[in-house]
Amino acid sequence: MRINLLFSLRGKLTAMLLLASLTAALAVGGTAYWLLMQDFNATARETAFTNFQTDIQAYIGTYGSWENARRNQVFHEFVMQRRGPSGSLNPLPGAGGRPALPGETDAGETRRQGAPAGAVHHRDPPFHFMLIDTQGHVLLGGDGRQDTAVGEDLRRHARPISVNGKVDVLAVPVGSPQLSTQDKAYLGAMREALQNGLLAACALTVVMGLVFGSRFGARVRELTSAIQSMRADGEILQQVPVHSRDEMGLLASAFNRMSRELSQAHSALRRTNEQVQSQAAQLKELSVRDPLTQMFNRRYFDEQSALLYQQAMRHGWSVSVMVGDLDYFKSINDDFSHAIGDEVLRRVALILRKNTRSTDIVARYGGEEFVIAFPESTVQQAAIRCEALRAAIEQHTWQEVHPELRVTMSMGLCDDTKRGSIEKMLAAADEGLYEAKRSGRNRVVSC
Ligand SMILES: Nc1nc2c(ncn2[C@@H]2O[C@H](COP(=O)(O)OP(=O)(O)OP(=O)(O)O)[C@@H](O)[C@H]2O)c(=O)[nH]1
């Protein structure tokens, strides 16, 4: 049976691997990118703080105190003066200290850090510092909130700036750090590399899924085909190769063992069945045989002769029955021994069997009495054959058994099917036998 690739193990395994790799790649790539961004932000924030701290320390240090410094020179002018026109001292715009962004200038940013309330802002820097005193009052920045106290939420993030070993001011970060063009380019390249890696991983996963799925599917197919080949009529023993020691290998080993055990059990069962059938046949044979002469017994004769009679009636065939009895058999037993009597019975049985057709039903009816049913035989035809039997018995070399032994048989015959049954025909033949005995024995009398 062919299975569509989509629904095959190979297809499912490939899809599972693809899903797993996509999920893993997205999770790992996303986390790595996020961590990288965090790292960049932290570095940018720290650099900005260092620059701002340096400027403030220089500003206050130059004038002795914040109040003096503010009275003497505006902070952004101090910074401009300190850095010079190129601003090379601090490449980051404003007190925030980040690299200049397109459309921004260092001077512009620096001016805005110290700009008084109401000053014109071309564009708010995305990240800068507000300077507060130890009581939380705004000293610098804060979009016109000078001398007002900032809230606890902002003070929580304030970082102290010490001047000459004393902390009088704190820097509060405002906004989020902006990355430089170089950083952005670097991060863009990283993102592109991650995307390409993700695509490559997916392609590799599909190929690996198809290859591994194919190998895995082939091993499953071996098992499936072996199971489908198992038949109760002798094909139970199926063995598959064990390729590995993993679960598939264990499954293959377990299947091989199960198939071997099943096959052994099946063979044992078949042998037992054969023995039972043979014993049943022996028992059946024993039940229809006379143990002394091995001839059919009375039961068998009654069954078979009744069938023969029915067939004869149905087809209009003739049928004859003979009842024979050994003459003076009691004297044989008495004069020569019971064992010689048995031997006589065995030999008579042999003579009767050898001198009749395979279609004739020959049986020992009891004691020294024998019966024969002749299918498709008139009484005249049966009489000729009974006469031959009688002569054969008389002429047998009985001297081999005992020098003085002489054996003869008297017989009665009947072919009158109109009597209604085989039993009635036997009864009529028995009358003939009686007549044969009465008229001198060793003869055949038809009735
Ligand atoms: N040895 C031996 N004798 C048997 C067997 N079955 C029956 N007999 C004997 O056969 C004898 C039959 O004797 P009777 O019925 O008197 O008949 P008979 O002596 O043959 O006399 P007629 O039939 O009148 O000629 C009996 O003595 C039985 O014991 C047997 O299986 N073996």
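What follows is a short chat about a helix, a core, a ligand shell and a loop residue.

Me: What kind of model is it, and how are residues numbered?
Reply: This is a predicted model, where local features need pLDDT of at least 70, side-chain atom pairs count only at pLDDT 80 or more, and totals for chains, interfaces and linings use all residues. Residues are numbered from 1 along each chain as its sequence is written.

Me: Start with helix 8. Which of its residues are buried?
Reply: Phe301, Ser305, Leu308 and Tyr309 are the buried residues of helix 8. Buried means 20 or more other C-beta atoms within 10 Å of the residue's own, exposed means 12 or fewer, and partly exposed is in between, with C-beta atoms placed from the backbone. Helices (H or I, at least four residues) and strands (E, at least two) are DSSP runs, numbered from the N terminus.

Me: Where do they sit around the axis of helix 8?
Reply: They are on the same side of helix 8, because they cover an arc of only 105° around the axis. The arc is that of the directions from the helix axis to the C-beta atoms.

Me: And what is on the other side of helix 8?
Reply: Arg299, Gln310 and Arg314 are there, and they are exposed.

Me: What covers the buried residues of helix 8?
Reply: The cover includes strand 5, strand 6, strand 7 (369–375) and helix 12. Contact here means C-beta atoms, placed from the backbone, within 7 Å.

Me: New topic. Which residues touch the most other members of the largest nonpolar core?
Reply: Val321, Met322, Val371, Cys386, Met411, Leu413 and Ala429 do, out of 44 residues in that core. Helix 12 (residues 422–438) gives the largest share, 7 residues. A nonpolar core is a set of buried Ala, Val, Leu, Ile, Met, Phe, Trp, Tyr and Cys residues joined through C-beta atoms within 7 Å.

Me: Now the ligand. Which residues come nearest?
Reply: Asp327, Phe329, Lys330, Gly341 and Gly367, of the 15 residues around the ligand. A residue counts as near if its C-beta atom, placed from the backbone, lies within 6 Å.

Me: Which helix gives the most to that shell?
Reply: Helix 10 does, with 4 residues.

Me: Last one: where is Asn355?
Reply: Asn355 lies in the loop between helix 10 (338–354) and strand 6 (361–366). Asn355 is partly exposed, because 16 other C-beta atoms are within 10 Å. Not counting residues up to four places away in sequence, Asn355 touches Ala388, Leu389 and Ala392.

Key
Contact = placed C-beta atoms within 7 Å.
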